[in-house]
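Hello,

Here is the structure I said I would pass on. Please have it open while you read the notes below it.

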Amino acid sequence: MLARQHEHKAPQKRALQWLGKQLFNREDPAAFFDPLLEQLNPMWVQEYTPARVERILQETADTRTLVLKPARHWSGFEAGQHVNICTEIDGVRHQRTFSLSSSPALWHAQGRITLTIKRLPGGRVTNWIHDELETGAVIGLGEAFGDFQLPAQATPLLFLAGGSGITPILSMLETLTAAGASAPATLLYCVRTEKDVIAREKLEAMAARHPNLTLTVIATNATDSPRYLTEADLASVPGLQDREIYMCGPGGLMDLAQASLDALGVDAQRVHKTFFAAPGAASLDGTDLGGTVRFAKSELEVSSEGDANLLDMAEAAGLSPSYGCRMGICHQCSCKKTSGTVINRLTGKASGPGEENVQLCISVPQGPVTIEV
C-alpha cells in the first residue's frame, strides 16, 4: 500500500512542477501563494520553514536565547550543526547563520529548538533580534547543515570555546549528558569576565550531575593583567593525546589554541573546528586570477580579471544562485564545478581541474571554469 502511494505521488509531484513552470516559472508552485498564506497564517508558508518564537531568555547582557517551534516539516539536526534564519527588516529579507544550542532530543520530544545569539556591534540582524523581535513572531528557518559533529563512538573529549562559540558545544554537551556518556569530557571556556558566561546555570548543572564532565571557565579580562588560554591549561587535561578536540570561538583564540596543541604534539586529525565568523582570507598576491566562467545550466559566460568570486560573477550575469553567509561558513552556495581550477579565497589553495563541489562565495576562477548553475 505504501509503495502504491509513493508511485502515485511521484507523477503528481512532477505534474505540479510542470504546472508551476508553465504558470509561475518556478519548480515549487505552492510557494507562489506564500504572500497570501503568510497573511492568513505565517506557519503555512512553503518557501522556508516557519518557526514561531515561543520564549526569549536573557543569558547575559548581550546574549539571548530564542526558544523556537518550527513547523512540523522541518527535518531536524545533529548536535553541533548550524542553521540559516531568514528575517524581514524594514521590508528587506536578511539571512544569517547561527549554531543550534539545544540538544536534538528537545526537537524530538517537544518539537522545539534553541538559538543562542549574541549582539554584534553594528550587526543589522543581531541588533534587530535583541531590540525588535518579540515572543509570538515567526522567522524563517533553513535546513541544518555542518560536519562539526560528535564522534560516532564513545571517546574522551576536550571542548574549547570562546564567548558565543559555546553555542554548538552546548548542544553537544547536552546530547552527551542526556545519553549518560561515560567517557571523560572537559570544557575550557574563555570569556571576558565571569558575567559573560553564557548558560552558566545549565553548564554547572550538567557538571554537577555528571562527574565525568569537567568545567573550567577562564576569565581573560577579570583583572588588570589579561589571563589567556595557555599551553599549561591544555597540558593539564588528562590523556590529552587521546582526546577528540572540538573548538569554536574567535579567530585569535582558535589560533592560540592550535599553536599550543601543535607544541604539545597533538595529532591534527583529532582537532575539529567551526567558526561563528569567517576566518581571515589568505593572501592571493602574485596569484594569476580571473578567467571565463561558463554557467552551464543557464548557458551564460562571464569573464573577469582579479579576485572576483563565482557568486559575484553569477549575480553580475543576472543569475540568482542560492547563498547564505557569503563568508564560506554555511555551504549554502555549494554547487558542482565540472571543469577548470578555482582558488579558495580563505585557504589560498587551488582545486583540482576536474569535477567537484565548490563554494561559489569563496571560489575565484584561475582560467576557464564551468559551473553547473
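**Aromatic pairs and nonpolar cores**

There are four aromatic pairs by the rule used here, in what is a predicted model. A pair of aromatic rings is described by the distance of the centres and the angle of the planes.

One of the pairs is Trp74 with Phe77: the ring centres are 6.1 Å apart and the planes meet at 40 degrees, so this pair is tilted. Trp74 is buried, at a relative accessible area of 3%, and Phe77 is buried too, at 6%. Together with Trp107, these two residues form one aromatic cluster.

Another pair is Phe148 with Tyr246. Their ring centres are 5.4 Å apart and the planes are at 75 degrees; the angle is over 60, so the pair counts as edge-to-face. Phe148 lies in the loop between strand E6 (138-141) and E7, while Tyr246 is in strand E10, so the pair links parts of the chain that are 98 residues apart. Phe148 is buried at 4% relative accessibility, and Tyr246 is buried at 2%.

Now the cores. The largest nonpolar core has 23 residues, and those touching the most other members are Phe159, Ile166, Ile169, Leu173, Leu187, Tyr189 and Leu203. At least two residues each come from strand E7 (157-162), helix H5 (166-178), strand E8 (185-191), helix H6 (200-209) and strand E10 (244-248). H5 gives the most, six residues.

Leaving aside residues up to four places away in sequence, Phe159 touches Leu150, Met172, Leu176 and Tyr246, among others. Apart from this core lies another, of 22 residues, including Leu66, Leu68, Ile89 and Leu100.

Regards

Definitions and conventions:
Residues are numbered from 1 along each chain as its sequence is written. This is a predicted model: local features need pLDDT of at least 70, side-chain atom pairs count only at pLDDT 80 or more; totals for chains, interfaces and linings use all residues. Side-chain values use heavy atoms; hydrogens and water are left out. A nonpolar core is a set of buried Ala, Val, Leu, Ile, Met, Phe, Trp, Tyr and Cys residues joined through side-chain atoms within 4.5 Å. Buried means under 20% relative accessible area, exposed over 50%, partly exposed in between (1.4 Å probe, protein chains only). Helices (H or I, at least four residues) and strands (E, at least two) are DSSP runs, numbered from the N terminus. Contact means heavy atoms within 4.5 Å. Rings of Phe, Tyr and Trp (its six-membered ring) pair if their centres lie within 6.5 Å; planes under 30 degrees apart count as stacked, over 60 as edge-to-face and the rest as tilted.
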